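This report describes the pockets, the cavities and the surroundings of the ligand in one protein model. The sequence and the structure come first.

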Amino acid sequence: RLFSKPKLGLVAALLGFSLTAWAEPVEIKFSHVVAENTPKGQMALKFKELVETRLPGEYKVSVFPNSQLFGDNNELAALLLNDVQLVAPSLSKFERYTKKLQIFDLPFLFDDMAAVDAFQQSEAGQSLLNSMNRKGIVGLGYLHNGMKQFSANKALSLPADAKGQKFRIMPSDVIAAQFDAVGAVPVKKPFSEVFTLLQTRAIDGQENTWSNTYSKKFYEVQSHITESNHGVLDYMLVTSETFWKSLPKDKRDIIKAALDEAVVYGNKLSLEKDIEDRQLILDSKRVTLVSLTPEQRQAWVDAMRPVWSQFEEKIGKDLIDAALSANK
Ligand code: LMR
């Protein structure tokens, strides 16, 4: 070695720049499965911009969209191995780590996104951010996408219309039970496979937000979308305890503040995209919109509502009551 570190520092100081300028920035990898023109895709890019502006040269954020780096089947395992430092899976994808988050999958639990937000911000909702701490996963916040709609190659107006139809679902036993309740066939598959499964008719339908259905072109390979708003698709931003604790407190605070700001940005966008992407899909004229009458919607509620009691014990009645109280 030519110079010891203190000597290098002295040389650098004499030359008028600091050692940190020489060091490689710490890389924060943020992997996700959706497209960039989505609330999560844009939130991730906003986070990158904020961190790199506030901690220039010290931290850099690399964003990997579209399941490029990790997908549904391995992103949480990769997080625990510190191969990625930040992921934001949908709340339906944490079942292996906690049963508590199953609450978000109960069909027809939340009236709208305002209720979802109120519950997430409540004491009960905030405590769920810590529900996976013992597994080494730290919840840093929630991010919205929107309410889910059903899509298929036929009009789904009544629960009986879904009978025998194969639906791709996220890996959630509650969502599986929701489709079982109407005699449909739920198939757990990663998000990255949905388009091809629909296109090849290996599955008949799926449920998703307007944003995901638009950005991944599912509407091009489905004939009907039922505007059911039957459930929520939101995210939890998670990191590993290993990575989070490795950060110096002052940097961690700056990174957390950047994340919170990026979430505010993403949430605002989620409301806009929900309306805009719905309209873009309708304007494309590639699918027929099925609007439910109050009676038809009630038939879906009646058919799916028994799922609540199936999972009440695991989720906790208190938590369900807390969620219900968020409906105005
Ligand atoms: C899905 O798998 O349908 C969604 O969770 C994808 C996403 O991250 O929005």
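## Pockets, cavities and ligand

The lining of the second largest pocket divides into 5 nonpolar, 5 polar and 2 charged residues; here Ala, Val, Leu, Ile, Met, Phe, Trp, Tyr, Cys and Pro count as nonpolar, Asp, Glu, Lys and Arg as charged, and the others, Gly among them, as polar. This is a predicted model, in which local features need pLDDT of at least 70 and side-chain atom pairs count only at pLDDT 80 or more, while totals for chains, interfaces and linings use all residues. Residues are numbered from 1 along each chain as its sequence is written, and side-chain values use heavy atoms, with hydrogens and water left out.

The second largest pocket is lined by Asp117, Gln120, Gln121, Gln126, Leu129, Leu140, Gly141, Tyr142, Asp260, Val263, Val264 and Asn267. Helix 4 (113-121), strand 4 (137-147) and helix 10 (249-284) are the elements that give two or more residues to this lining. Helix 10 supplies the largest share, 4 residues. Helices (H or I, at least four residues) and strands (E, at least two) are DSSP runs, numbered from the N terminus.

Pockets and cavities are found on a 1 Å grid over the protein atoms alone: a cavity is a set of points where a 1.4 Å probe fits but cannot get out, a pocket is an open set with protein on both sides within 12 Å along at least five of seven lines, and lining residues have an atom within 4 Å of a point. Grid points are joined across faces, edges and corners, and a volume is the space filled by probe spheres set on the points.

| Space | Volume | Lining by class |
|---|---|---|
| Largest pocket | about 310 Å³ | 7 nonpolar, 2 polar, 7 charged |
| Largest cavity | about 70 Å³ | 6 nonpolar, 3 polar, 3 charged |
| Second largest cavity | about 40 Å³ | 8 nonpolar, 2 polar, no charged |

Of the 16 residues that line the largest pocket, Asp72, Asn73, Lys93, Arg96 and Pro171 are the closest to its centre. Helix 3 (residues 75-80) gives the most to that lining, with 3 residues.

The structure holds 3 cavities of 30 Å³ or more. Residues lining the largest cavity include Lys40, Lys93, Arg168, Asn212 and Tyr235. Lys40, Lys93, Arg168, Asn212 and Tyr235 also come nearest to the ligand, out of 13 residues around it, where near means a heavy atom within 4 Å. An oxygen atom of the ligand lies 2.7 Å from an N or O atom in the side chain of Lys40.

Lys40 belongs to the buried residues of helix 2, together with Pro39, Gly41, Met43, Ala44, Lys46, Phe47, Leu50 and Val51; buried means under 20% relative accessible area (1.4 Å probe, protein chains only). Helix 2 (residues 39-54) has 16 residues and reaches 22 Å from its first C-alpha to its last, close to the 22 Å expected at 1.5 Å a residue, the expected span being 1.5 Å times one less than the number of residues.

Phe47 lines the second largest cavity, as do Ile28, Gln85, Leu86, Leu140, Thr239, Phe243, Trp244, Ile255 and Leu259. Helix 9 (241-246) and helix 10 each supply at least two residues of this lining. Thr239 lies in strand 10 (residues 232-240) and is buried, with a relative accessible area of 0%. The side chain of Thr239 reaches the backbone oxygen of Gln85 at 2.7 Å.

Methods. Buried means under 20% relative accessible area, exposed over 50%, partly exposed in between (1.4 Å probe, protein chains only). A polar contact is a pair of N or O atoms within 3.5 Å; within protein, one must be able to donate a hydrogen and the other to accept it, and residues adjacent in sequence count only if both atoms are side-chain atoms.
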